[in-house]
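Morning, everyone. I'll keep this short. Please have a look at the model on the screen.

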Amino acid sequence: MYYIVESEKSFAQASKDLESAIVIHGFGVMHVHDLGAALRGKGIAFVEECKVFEVCNPVQAAKVLAADMRLNMALPCRISVFTENGKTKIGLLRPVNMLAALSQDMALIKVAKEVQDKIIQMANDAK
């Protein structure tokens, strides 16, 4: 279900490189949630860093939504850059696993596989 790679890069550099990889692979960044900063901003002593990148390929998203509008709740894809015990990591939930739990439509599973291959490549490129 999870795909996580460890990086030798700093959190900031891995985040920057992920953003570049997303664009190179034909996706767009819809939003970046800085969870670490948000928690610290609420007075929580959170020592780790965590940015969640919401990413989307509009052509692929349109295919999914045309087949089953309820799947909007599973979009967009999310790729995280985070620290854990001093190590920078990049991770995601595999779209194939998520979509297979929500739909038995093999055409949608094929779309999810195409997206999954791309976002795994993004994570690998950024590491």
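How far is the sulfur of C77 from the closest cysteine sulfur, and which residue holds that sulfur? The distance is 7.6 Å, and the partner is C56. This is a predicted model, by the way. A disulfide needs two cysteine sulfurs within 2.5 Å, so at 7.6 Å the C77 sulfur is too far for a bond. C77 is also buried, at 12% relative accessible area.

Now C50. Its closest cysteine sulfur is the one in C77, 16 Å away, again too far for a bond. C50 is buried too, at 15%. Searching the whole structure gives zero disulfides.

On to charges. I'll show three of them.

One is E54 with R78, 3.7 Å from N to O. This pair ties together distant parts of the chain: E54 sits in strand 3, R78 in strand 4, 24 residues apart. E54 is buried at 17% relative accessibility. R78 is partly exposed at 45%.

Next, D68 with R70, at 2.9 Å. D68 is buried, at 14%. R70 is exposed, at 60%.

Then K113 with D117, at 2.6 Å. Both are in helix 5, residues 106-126, four residues apart, or about one turn. K113 is partly exposed at 41%, and D117 is partly exposed at 40%.

Last stop, the surface. M1, Y2, I4 and L93 make a nonpolar patch of about 430 Å². Y2 belongs to strand 1, residues 2-7. Y2 is exposed, with 60% relative accessible area.

That's it from me. Thanks.

Key. Residues numbered from 1 in each chain as written. Predicted model: local features only at pLDDT ≥ 70, side-chain atom pairs only at ≥ 80, totals over all residues. Heavy atoms only, no water. Patch = residues over 30% accessible without salt bridge, like charges linked within 9 Å, V, L, I, M, F, W, Y side chains within 5 Å. Areas by Shrake-Rupley, 256 points an atom, 1.4 Å probe, with all protein chains shown as cover. Salt bridge = Lys/Arg side-chain N within 4 Å of Asp/Glu carboxyl O. Helix = DSSP H or I, 4+ residues; strand = E, 2+ residues; numbered from the N terminus. Buried < 20%, exposed > 50% of the residue type's maximum accessible area, 1.4 Å probe, protein only.
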